[in-house]
Amino acid sequence: MASRQAPLGGLAPRCLWLLGAVLVMDVSARPANHSSARERAANREENEMLPPDHLNGVKLEMDGHLNRDFHQEVFLGKDAGGFEEDAGPRRSRRKLMLIFSKVDLNTDRRISAKEMQHWIMEKTAEHFQEAIAESRAHFRAVDPDGDGHVSWDEYKVKFLASKGHDEREVADKIKNKWDLNVDEETQEVLENLKDRWYQADNPPPDLLLTESEFLSFLHPEHSRGMLQFMVKEIIRDLDQDGDKKLSLSEFISLPVGTVENQQGQDVDDGWVRDRKREFEELIDANHDGIVTMAELEDYMDPMNEFSALNEAKQMIAIADENQNHFLEPEEVLKYSEFFTGSKLVDYARSVHEEF
Ligand SMILES: [Ca+2]
Ligand SMILES: [Ca+2]
Ligand SMILES: [Ca+2]
Ligand SMILES: [Ca+2]
C-alpha cells in the first residue's frame, strides 16, 4: 500500500530510490503498487487536487509501474464497470458478447488486428473525453472567482487544504509571503508540482493556467509537450548510468524489493517477466536492446496508431487458441479475465445461446 498511498506518487521522482529504501518494501507491497480500479476510485477524493499517478489507457503509470489494467481499459472504455464477479455471470457474458459484436466491424464473427486497433483508438478517445469532464470540474474547484485562470498560488492553497492544512491560514501566509511551514515531503511534492505547472503553462510564463492548460497539467497524456515531460521524468527515475536511455536491467529494476520466501520469489518472477516482455516486445520498437526517449514516447502516447496496432496484435495473441490471428467469441469468453478483469464461468455452454 505504501507506494500507492504515499502522497509523493510519481511526483517526486528524484527521491524514488530513497523512498524505496526508506520503506524497506517487503514483497507483499509489490502487487499493491497496482491498485485495483475500485481502490483507485476510493482514493480519488483524497487525491483530487493532485495529478493522478494512474492514467486510463496509458501504458505506464507516472511512477514507472506498468498499468496492469491497460488491456481492460482500452477494451472496455468508460464501460469498465459491470464486470465484477458478483454482477451475474450470464449478464456479464452477454455484455461481453455485445462488445464483441461492436468490435467486429465487418460482422464476420471474428476480430482482426485492424478491428481491434480501431476499437482501441475509439476507447482511448472515450477516456480522454472523461478526463476533460473531470478536469473541468476540478478547474471550477480551484478557480472559485471564475475568471478562467488559476494561479500557482491559488492551486497551492487548494492542494495544501486537501492535505489537511487550514485553507484560510495558508492563503494568508502565501499572501504575506510568510513561511508555509510544510514538512519536507510536502515541500518536495510542491516543487515537483510547480515544475509541472510551469511545463503546462504556455508562453508567456505567467504561472496562470487556463482550463485547457490545466487539463494538460492533470492529464499530460494528450499534450505533446507534457507527454515528453512525463517521459523524461520516468527515464530520469529509472536511468541509472545517466545516458538518458533505458537498458533492460534499468527497466526491470524498479522498485527495489526484497525476497523473503517462495511466494515472494514467485511474485518477483512474475513482475520481472512482465516488465521484460513489455520492454522487449513493445517498448523497444527497433529491438536493439535500448529504449530511447522517442521509443518510450511512442509507447506512452495513447493516440499513437502504430502502438495501438501492436497492442491489438498482442491482445489477440494472448487469447488466440486456434492461432488463426483472429479472436472468435469462444476465445474472448475463455479469456474474459484478461479482457474484463473477471472470470466469467461456464463460457463454453453459453457461447451459442448468448451470442
Ligand atoms: Ca471481423
Ligand atoms: Ca541508462
Ligand atoms: Ca531501441
Ligand atoms: Ca483465433
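I located H325 in the loop between α15 and α16; helices here are DSSP runs of H or I with at least four residues, strands are E runs of at least two, and both are numbered from the N terminus. I note that the model is predicted, with local features requiring pLDDT of at least 70 and side-chain atom pairs pLDDT 80 or more, while totals for chains, interfaces and linings use all residues. Residues are numbered from 1 along each chain as written, chains are lettered from A and ligands numbered from 1 in written order, and side-chain values use heavy atoms without hydrogens or water.

I read a positive phi of about 65° for H325, which is not a glycine. H325 is exposed at 62% relative accessible area (buried is under 20%, exposed over 50%, partly exposed in between; 1.4 Å probe, protein chains only). Q323 lies in the loop between α15 (305–319) and α16 (329–334). Its phi is near 55°, and Q323 is exposed at 64%.

I290 is partly exposed, at 27%.

Lastly, I found a cis peptide bond between P203 and P204, with omega about -5°. P204 sits in the loop between α9 (184–200) and β2 (208–209).
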